[in-house]
Amino acid sequence: TTFTKFVTDYPKHALMPKALARRGLSSKEVRDLPKAREDFTRIAKEFPSDEAAELALLNLGLIHMELHETKEMIAS
């Protein structure tokens, strides 16, 4: 909930991609894969040059693999 509050309260903050990445990792850990995928996709689209984008793309690929989404996994 802390990361969600940060994301909601500070949408233009410089640490937004890192907050999304941490929230995505937390969601993935508790097996909320759709929520994790949403955060990682947002990082990849909105912050492609941030260092968190590499983590996001890797985790998107792993999530797609777990969900048997081969085409999306390859694209990630």
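The legends below describe close-up views of a predicted model. Residues are numbered from 1 along each chain as its sequence is written, local features need pLDDT of at least 70 and side-chain atom pairs count only at pLDDT 80 or more, while totals for chains, interfaces and linings use all residues. Side-chain values use heavy atoms, with hydrogens and water left out.

**View A. Packing of helix H1 against helix H2.** Helix H1 covers residues 2–9 and helix H2 residues 16–29; helices (H or I, at least four residues) are DSSP runs numbered from the N terminus. The two pack at an angle of about 150 degrees, and their axes are 9 Å apart. H1 is therefore roughly antiparallel to H2, a term for angles over 145 degrees. Axes are lines fitted to C-alpha atoms over the stretch in contact, and angles run from 0 to 180 degrees between N-to-C directions. The crossing of H1 and H2 is left-handed, that is, the near helix is turned anticlockwise from the far one by less than a right angle. H1 contributes Phe-3, Thr-4, Phe-6 and Val-7 to the contact, and H2 contributes Met-16, Ala-19, Leu-20, Arg-22, Arg-23 and Ser-26; contact means heavy atoms within 4.5 Å. Six of these residues are nonpolar, two polar and two charged. In this division Ala, Val, Leu, Ile, Met, Phe, Trp, Tyr, Cys and Pro count as nonpolar, Asp, Glu, Lys and Arg as charged, and the others, Gly among them, as polar.

**View B. The aromatic pair of Phe-6 and Tyr-10.** The count comes to one aromatic pair, with rings of Phe, Tyr and Trp (its six-membered ring) pairing if their centres lie within 6.5 Å. The ring centres of Phe-6 and Tyr-10 are 5.4 Å apart and the planes stand at 40 degrees, so the pair is tilted; planes under 30 degrees apart would be stacked and those over 60 edge-to-face, with the rest tilted. Tyr-10 has a relative accessible area of 46% and is partly exposed, the class between buried (under 20%) and exposed (over 50%), with a 1.4 Å probe and protein chains only.

**View C. Packing of H2 against helix H4.** The axes of H2 and H4 are 10 Å apart, and the helices pack at an angle of about 25 degrees. H2 is thus roughly parallel to H4, as angles under 35 degrees are classed. This crossing, of H2 and H4, is left-handed. On the H2 side are Pro-17, Lys-18, Ala-21, Leu-25 and Lys-28, which meet Ala-52, Leu-55, Asn-59, Leu-62, Ile-63 and Glu-66 of H4. The contact of H2 with H4 divides into seven nonpolar, one polar and three charged residues.

View D. Glu-66 belongs to helix H4 and is partly exposed at 32% relative accessibility. Leaving aside residues up to four places away in sequence, Glu-66 touches Lys-28, Arg-31 and Leu-33. Glu-66 and Leu-33 are 33 residues apart in sequence, with 9.1 Å from C-alpha to C-alpha.

**View E. Loop residues Arg-31 and His-68.** Arg-31 sits in the loop between H2 and helix H3 (33–46); its phi is near 70 degrees, a positive value in a residue other than glycine. His-68 lies in the loop between helix H4 (52–66) and helix H5 (70–75). The phi of His-68 is positive, about 60 degrees, although this residue is not a glycine. His-68 counts as exposed at 71% relative accessibility.

Notes: Angles under 35 degrees count as roughly parallel, over 145 as roughly antiparallel, 65 to 115 as roughly perpendicular and the rest as oblique.
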